[in-house]
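User: I would like to go through how some labels were assigned in this model. Please set each value against its cut-off.

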Amino acid sequence: PGCPGTDNYAGDMGPATQNCCFCGGGSHTLPPTTSPKPTGFPTMSAHPTQFCLDTPNWKDVHSFGCDWYEEYFDPGCTD
């Protein structure tokens with residue numbers, strides 16, 4: 001992911017690199033967890049699972065949303 005060079009097309013809510021998960025932006029959070037009952041032996045994950053949400057209703061200056069960036073940019077692109 002990356003979407004380099006797209007900051008020039010930032011919309012009112014900022015660039016894709018701050019708003020689209022595919023481009024490295026969005027909201028990165030840990031998902032909520034539930035446990036059937038409390039335990040006296042909590043465990044920690046070496047690699048917590050994160051998920052990302054694109055900024056709702058984000059568009060660039062051409063009215064393209066995050067879905068467009070994901071469709072037309074190659075993962076890991078650098079130019």
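User: Why does Cys52 count as partly exposed?

Analyst: The model is predicted, and in it Cys52 has 25% relative accessibility. Partly exposed lies between under 20% for buried and over 50% for exposed, so Cys52 counts as partly exposed.

User: What makes Cys52 and Cys21 a disulfide?

Analyst: The cut-off is a sulfur pair within 2.5 Å, and the sulfur atoms of Cys21 and Cys52 are 2.0 Å apart. The pair links distant parts of the chain, with Cys21 in the loop between α1 and β1 and Cys52 in strand β2 (residues 51-53), 31 residues apart.

User: Why is the disulfide of Cys21 and Cys52 called left-handed?

Analyst: The torsion about its S-S bond is about -90°, so the disulfide of Cys21 and Cys52 is left-handed.

User: How many disulfides does the rule give, and what pattern do they follow?

Analyst: The count comes to 3 disulfides. With bonded cysteines counted along the chain, the pattern is 1-4, 2-6, 3-5.

User: Why is the pair of Trp68 and Tyr69 called edge-to-face?

Analyst: Their ring centres are 5.2 Å apart, against a limit of 6.5 Å for a pair. The planes stand at 85° and edge-to-face needs over 60 degrees, so the pair of Trp68 and Tyr69 is edge-to-face.

User: What makes the pair of Tyr69 and Phe73 stacked?

Analyst: The planes of Tyr69 and Phe73 are 15° apart, with 5.6 Å centre to centre; stacked requires under 30 degrees.

User: Is Phe73 buried or exposed, and why?

Analyst: Phe73 has 19% relative accessibility and the cut-off for buried is under 20%, so Phe73 counts as buried.

Conventions
Residues numbered from 1 in each chain as written. Predicted model: local features only at pLDDT ≥ 70, side-chain atom pairs only at ≥ 80, totals over all residues. Heavy atoms only, no water. Phe/Tyr/Trp six-rings, centres within 6.5 Å; stacked < 30°, edge-to-face > 60°. Buried < 20%, exposed > 50% of the residue type's maximum accessible area, 1.4 Å probe, protein only. Helix = DSSP H or I, 4+ residues; strand = E, 2+ residues; numbered from the N terminus.
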